[in-house]
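Let's take a walk through this structure together. Have the sequence and the 3D view open side by side as you read.

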Amino acid sequence: MGWNKIAIVGVGIIKFGELFDKDWEVMVEEAYLNTISNVDKGFNPKDIQAAWIADCRPGAHGTQTIAGVSLVGNIGLAGIPCTHIENGCPTGSDGFRNACLGVASGVYDVALVLGAEKMRDKSTAEMLSLAAQGHPVLQRGETAMTMFAPQAMRHMHEFGTTKEQMAMVAVKNHRNGVYDPYSHYRYEITIEDVFKSPMVCSPLNLLDCCPQTDGAAAAIICRADLAEKYTDKPVYVAGFGMGTDTFYVHEKEDFTEFVASVRAAKQAYSMAGIEPKDIDVAEVHDCFSITEIINYEDLGFCKKGEGGKFIEQGKSDLDGEVAVNPSGGLMSKGHPLGATGIAQIAELFWQLREDVRNSNGTGDPSVNEKRQAKIKNGYGLQHNVGGRGISNSVVTILTRNK
Amino acid sequence: MAVGIVGYGVYIPKSRIKREEIAKVWGGRGKGENAVLNENEDIITMAIEASVNAFEHSGLADVKEIDAIYLGTDSPPNIEHSSIGVIAQTLGARQDIEVMDFTTSTRAGIAALKACVDAVKAGRIKYGLVIASDYRPASPGSNMEMFFGGGAGAFIVGSKNTIADLEEVYSYSGNFRDNWRGQADTYVKDYEPRFTRQYGYSEYVLNSVRGLLSKTGLTIDQFQHIVFQQPDARLPIEMARKLKATPEQTKAGSIFDDIGDTGAACLFIGLSSVFDRAVLGNRVLAVSYGSGTSDALYLTVRKPIEKARKRCKPYQSYLASNSYIDYPQYLMGKGVLKKDEEPASLGVSPLSPFMWRASAELYRLIGAKCLNCGYVNFPPSQRKICIRCGNTEFKEVIFSRRGKIHTFCVNYYMPPGFESPLPIIIADLDDGVRHRALGTEMIPEEIKIDMPIELVLRKLASENNVDLYGNVFRPIRIK
């Protein structure tokens, strides 16, 4: 029996992409409206007693220099408490975790958590110029790619993981993304396409990487015992965990795993009282193809060093041992930092309810059905890992089992 | 008291441009080649590498034995602000040492050497480090572009265990202008060479040599080796002929065809090349020249040179370690050819108090070794609690500068201001310390896990004309 003190009663996403025509504020409003209109039995915004806004780099990426009010002030909820969360790539999922803690404390009954990131209001060169930030010597030249690519090199060296296996992750996630109406990219690719795409950061080609994407996503959570007011099919928070690691790259001990993920997963499984084999569906952090392969190992879906074989044998396919990234993952859907984790939670909400066809989106329901995973045990796992030095990770386990 | 050179070392940058490459662009004829700098090198980074070699060659046990650092260069990065600060911190020198800058002439290195020998003779210092490092700016298309090269040499000066003693010096100077560079000038200028060769270089060099011979009662044939300042290929040959010296005498110290006119560093490198093969009792004549001044130096080679040879990284080993570049690459290295875009502004300016707090440990690579678990925390100014065990007691350790690659990547998409492709290397040093740094002088396809590498200081960025330095990895260059 899991923790189950919190229920998710509604979720909402906006179509991810290069939203050149949308302000940050507009993305937030849309995600919010999609969420409250998605609550099965209807929802009165006055029920929201507190809010959390997850946005990783508002200063760097967009116009916001953020405080909590940037959310509530834009959606007509000014007055209620609102906190801004920033925590690297797990910003969205950590916002969700903090909202859960807030409601579980008993101080609030119902809360809104909304993640949004404006990634495309700056040029690619401006975004990359983050490589000049941080410690001027020890972090000189450090971008997301330069933190993950060395992991790929070492994983290949120690375990014989291949570039083909990495490309298979991209192929699978793009295949899934075709059927996700919210996805930034909706086309299939081949292993050859990955190899032919430009070398970005060896050994990663362009199609081994997730894109730069604008997006927003939200969820409404409440005390588990109040869920029936809003829906007959709530999804419960069975457990969560957050793991951290040291800050600088040179302080890392093992370049074949993300120890923060291992720590987060351990906490989450223990809190949920389940094992990795109980997970039916997972939305994991595939910022790069190698990341997903290492995630299989860190999250316990396979043994250390066997992540390459796991994808090769189709075990993470939609009809595999565990359906990983049915939404298309970061690679296909995009990775608007603050929105990513909450969008993953939204996807799992639909997956566990087996109603992806009814996800309130813009997609064709018959197409949506093609990404429904088989739900046997009723558990879904959400995972993010990142931050400078790949030093933090959040894992959330959701269940439809009361 | 006999005072002389206890140890010597050179540094020749790896990149070479054949003079015919320059001639292809601008016309004329080019024979020989120039050693030229990459964008991340300057006289400071060259000075450090030469100094490390000189120190290792000297056999001194500890850098802290050095009481003075004298630097001679005709092309300091700053007109106001000494380059010695970065050099001294990187070498790990004491702070109560004497530091002096010598500049505005291609004889600045020899001026520094003379001053250092005098300081030892006077008993004010025991060991001094004298460095000559130069890479003078030449305008594209100028005569000087065909000739100017970069390099550095360093001597440890002292009175014990000298490999060569400075016996006598004779200087000759006057008011003559052949090369000059005003404060607003980007490049060195020159006047009509047919005039300046005769009334400048020749006049002063011949007078200083003749003065020295007369002062010492020696004749030119009594010197086994002669090294002239080498602003071009012709002048030293002419001097030798006029002084009745043989080509055999000037052979060992002739470097112009290999690396070009290295200005203030020329005699240091030429002398080092001589020392690489000189034997006990050899007399060596070295003759400097810079804008109307020439010094003639008489040195004799001592016995310790034989034993010290095994600690030496010879000039020839640097010559053999080279990489030819074309004219556009050469211009990029000089920063003349670059994209018209603003480099990304640094998160922390090189002027920030942050760099003042951190520079010593970042340049010298000083770590804090935990007295409980042994983990080496870095950087120590930020790590007062061991990240592995939580202990708060440490011992200072200096990192090994060599190791092997643990893992790496090469980033092909860097923002403005960064070299691209850019290798990023995570390596385990020989002492077990793990370190992460950028790579330099690496061919992306050749980088492999377990490849041996070494740490060298390089210029990482500039902001507001202030340079930011840091250690980077390169494949081990001279074994």
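Keep in mind as you look around that the model is predicted.

V113(A) also leads us into the largest nonpolar core, which has 283 residues. Together with L114(A) and I221(A), V113(A) is among the residues with the most contacts inside this core. Helix 13 of chain A, residues 337–353, contributes the largest share of the core, 10 residues. Chain B takes part as well: domain 1 (4–334) and domain 2 (401–479) of chain B each provide at least three residues to this core. As background, nonpolar side chains tend to be buried together in soluble globular proteins.

Now turn to the place where the chains meet. Chain A brings 29 residues to the contact, and chain B brings 33 residues. On the side of chain A that touches chain B, at least two residues come from each of helix 5 (124–128), helix 6 (144–159) and strand 5 (199–202). Helix 6 of chain A gives the most, with 7 residues. Sorted by class, this side of chain A has 16 nonpolar, 10 polar and 3 charged residues.

How does it pair with strand 18 of chain B? Strand 5 of chain A and strand 18 of chain B (residues 402–411) run in the antiparallel sense, paired over 2 bridges. To find the spot in your viewer, look for S202(A), which stands opposite V410(B) in strand 18 of chain B.

How values were computed: Residues numbered from 1 in each chain as written. Chains lettered and ligands numbered in written order. Predicted model: local features only at pLDDT ≥ 70, side-chain atom pairs only at ≥ 80, totals over all residues. Contact = placed C-beta atoms within 7 Å. Helix = DSSP H or I, 4+ residues; strand = E, 2+ residues; numbered from the N terminus. Nonpolar A, V, L, I, M, F, W, Y, C, P; charged D, E, K, R; others polar. Pairing = 2+ DSSP bridges. Core = buried A, V, L, I, M, F, W, Y, C linked by C-beta atoms within 7 Å. Buried ≥ 20, exposed ≤ 12 C-beta atoms within 10 Å, placed from the backbone. Domains from an automatic or database assignment.
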